[in-house]
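Biologist: Pick one part of this model and take me through it slowly, please. I'd like the packing first, then whatever space is left beside it.

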Amino acid sequence: MVLSGRETGVTPDSDQVRGRGGPGAGIALIGASLGVGFMAGLYFAFDVGVMPGLEGSDDRTFVTVMQDVNRAIENGLFGLVFVGAFLATGVAATLHHRIGHHRIARLVWAALGCYSGMLLVTTRVNIPLNTRLARAGPASTTARPEDLRDLRERFERPWRNANTARTVLCSIAFGLLCRALVLHGRAR
């Protein structure tokens, strides 16, 4: 069964009918979906695996592992996906709007809003907490157990809560992008 533009909610304008912008919009949408999906998965893994796994560890182990993870994640591939997902989502929204796929564009703009919210949480909460943890120096040189306990207490709960917010925001963005992909496929 073939659905018309009216039935799918996607009606191409004259630019799309003439073939301008269609392939680029699809490629950007796929890139956005993959990038946002990777980020949602990363944050989810911390929520359900890494942080619960560290919960029972002693303070020195917790601080050491989180310092190591924070250092390791600052790499080019992570940066590419982290920023690339944002850029690809913005490009996908703009291109879909330009070719007249306004329903798809609205979904992608909403996804961009959620991803932007995640960026805000990251820059306002997670990064400052990571920086504070790094500035404390290696846990092995912090001799006093009460210092490690204090460091962990000021870090762990706020970081976990912010990470859960990031997971939710990226998951919503990913769902919106998946819906946009379905509509994009129908519009073709």
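Modeller: Let's start with H6 and H7, which pack at an angle of about 165 degrees with their axes 8 Å apart. That angle makes H6 roughly antiparallel to H7 (under 35 degrees is roughly parallel, over 145 roughly antiparallel, 65 to 115 roughly perpendicular, and the rest oblique). The axes are lines fitted to C-alpha atoms, for helices over the stretch in contact, with angles from 0 to 180 degrees between N-to-C directions. Helices here are DSSP runs of H or I with at least four residues, numbered from the N terminus.

Some housekeeping: this is a predicted model, where local features need pLDDT of at least 70 and side-chain atom pairs count only at pLDDT 80 or more, while totals for chains, interfaces and linings use all residues. Residues are numbered from 1 along each chain as its sequence is written, and side-chain values use heavy atoms, leaving out hydrogens and water.

Back to the pair: H6 and H7 cross left-handed, meaning the near helix is turned anticlockwise from the far one by less than a right angle. Their contact (heavy atoms within 4.5 Å) has 25 nonpolar, six polar and five charged residues. Nonpolar covers Ala, Val, Leu, Ile, Met, Phe, Trp, Tyr, Cys and Pro; charged is Asp, Glu, Lys and Arg; the others, Gly among them, are polar.

Now bring in H4. Its axis and that of H7 lie 9 Å apart at about 55 degrees, so H4 and H7 are oblique to each other. This crossing is left-handed too. Among the contact residues are Phe-62, Val-63 and Met-66 of H4, with Leu-148, Phe-155 and Trp-159 of H7. By class, that contact has eight nonpolar, one polar and five charged residues.

H4 also meets H6: their axes come within 10 Å and cross at roughly 115 degrees, again left-handed. Here Val-63, Met-66, Gln-67 and Asn-70 in H4 touch Asn-130, Leu-133 and Ala-134 in H6. Four of these residues are nonpolar, three polar and none charged.

As for the space, the largest pocket holds about 440 Å³. Asn-70, Ile-73, Glu-74, Ile-127 and Asn-130 are the closest to its centre among 22 lining residues. (On a 1 Å grid over the protein atoms alone, a pocket is an open set of points where a 1.4 Å probe fits, with protein on both sides within 12 Å along at least five of seven lines; lining residues have an atom within 4 Å of a point. Points are joined across faces, edges and corners, and the volume is the space filled by probe spheres set on them.) H6 gives the most to the lining, seven residues; by class the lining has eleven nonpolar, eight polar and three charged.

How values were computed: Helix = DSSP H or I, 4+ residues; strand = E, 2+ residues; numbered from the N terminus.
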